[in-house]
Amino acid sequence: MATLSTTDTSAQTKGGSVLRHVVLFKFKDDASEADVKKVEDAFRALPTKIKTIKSYEWGKNSSPEGLNQGLTHCFFLTFNSDKDRDAYLVHPDHAAFGKLLGPYLDKVTVVDYWSTK
């Protein structure tokens, strides 16, 4: 998966682990490249608007396995705590992003987990 990253390695809590928020998108077949780019750019801007996001990266699926079930984009956010993630979820800029995304989104999968070593 090719990624663009603005990773901040200072995000650590719970004995050195961090909270990962993984978001996978499948866009509607009629979403244009410009529409998808608009969504990518808007998601990329969220860490500059929502300070509880400690790191962010994203990329497009490049797996040869064919098991992505149509999901093409992966966005990977890091938080220090459940509270920080929860603040992100209800943040007005996240809600505005959801409104922008809505017309182009076919499917979304979200998985959150605490990292372990």
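**Reading a helix and its aromatic neighbours**

Author: Let us begin with helix α1, whose buried residues are Asp35, Val36, Val39, Glu40, Phe43, Leu46 and Pro47. Buried means under 20% relative accessible area, exposed over 50%, and partly exposed in between, with a 1.4 Å probe and protein chains only. Those residues cover an arc of only 140° around the axis, which puts them on the same side of α1; the arc is that of the directions from the helix axis to the C-beta atoms. On the other side of α1, Glu33, Ala34 and Thr48 are exposed.

Reader: What kind of model is this, and how are its residues numbered?

Author: It is a predicted model, in which local features need pLDDT of at least 70 and side-chain atom pairs count only at pLDDT 80 or more, while totals for chains, interfaces and linings use all residues. Residues are numbered from 1 along each chain as its sequence is written, and side-chain values use heavy atoms, with hydrogens and water left out. As for pLDDT, it is the predictor's confidence in each residue, from 0 to 100; the mean for this protein is 90, and 87% of its residues reach 70 or more. Over residues 1–12, however, the pLDDT is below 50, although this stretch has 32 contacts in the model beyond near neighbours in sequence. Contact means heavy atoms within 4.5 Å.

Reader: How many helices and strands does the protein have, and what pattern do they follow?

Author: Helices (H or I, at least four residues) and strands (E, at least two) are DSSP runs, numbered from the N terminus. Here there are three helices and five strands, and along the sequence they follow the pattern β-β-α-β-β-α-α-β.

Reader: Which elements do the buried residues of α1 pack against?

Author: They pack against β2 (19–27), β3 (55–60), β4 (73–79), α2 (82–90) and α3 (92–101).

Reader: How many aromatic pairs are found in the whole structure?

Author: Rings of Phe, Tyr and Trp (its six-membered ring) pair if their centres lie within 6.5 Å, and planes under 30 degrees apart count as stacked, over 60 as edge-to-face and the rest as tilted. A search of the whole structure finds nine such pairs. In one of them, the rings of Phe25 and Phe75 have their centres 5.3 Å apart and their planes at 50°, so the pair is tilted. Phe25 lies in strand β2 and Phe75 in strand β4, so this pair ties together parts that are 50 residues apart in sequence. Phe43 and Phe75 form a stacked pair, with 4.2 Å from centre to centre and 10° between the planes, and this pair links helix α1 to strand β4, 32 residues apart.

Reader: Which residues touch the most other members of the largest nonpolar core?

Author: In soluble globular proteins, nonpolar side chains tend to be buried together. A nonpolar core is a set of buried Ala, Val, Leu, Ile, Met, Phe, Trp, Tyr and Cys residues joined through side-chain atoms within 4.5 Å. Of the 20 residues in the largest one here, Phe25, Phe27, Phe43, Ile53, Phe75, Leu77 and Tyr88 touch the most other members, and the elements that give two or more residues to this core are β2, α1, β3, β4 and α3.
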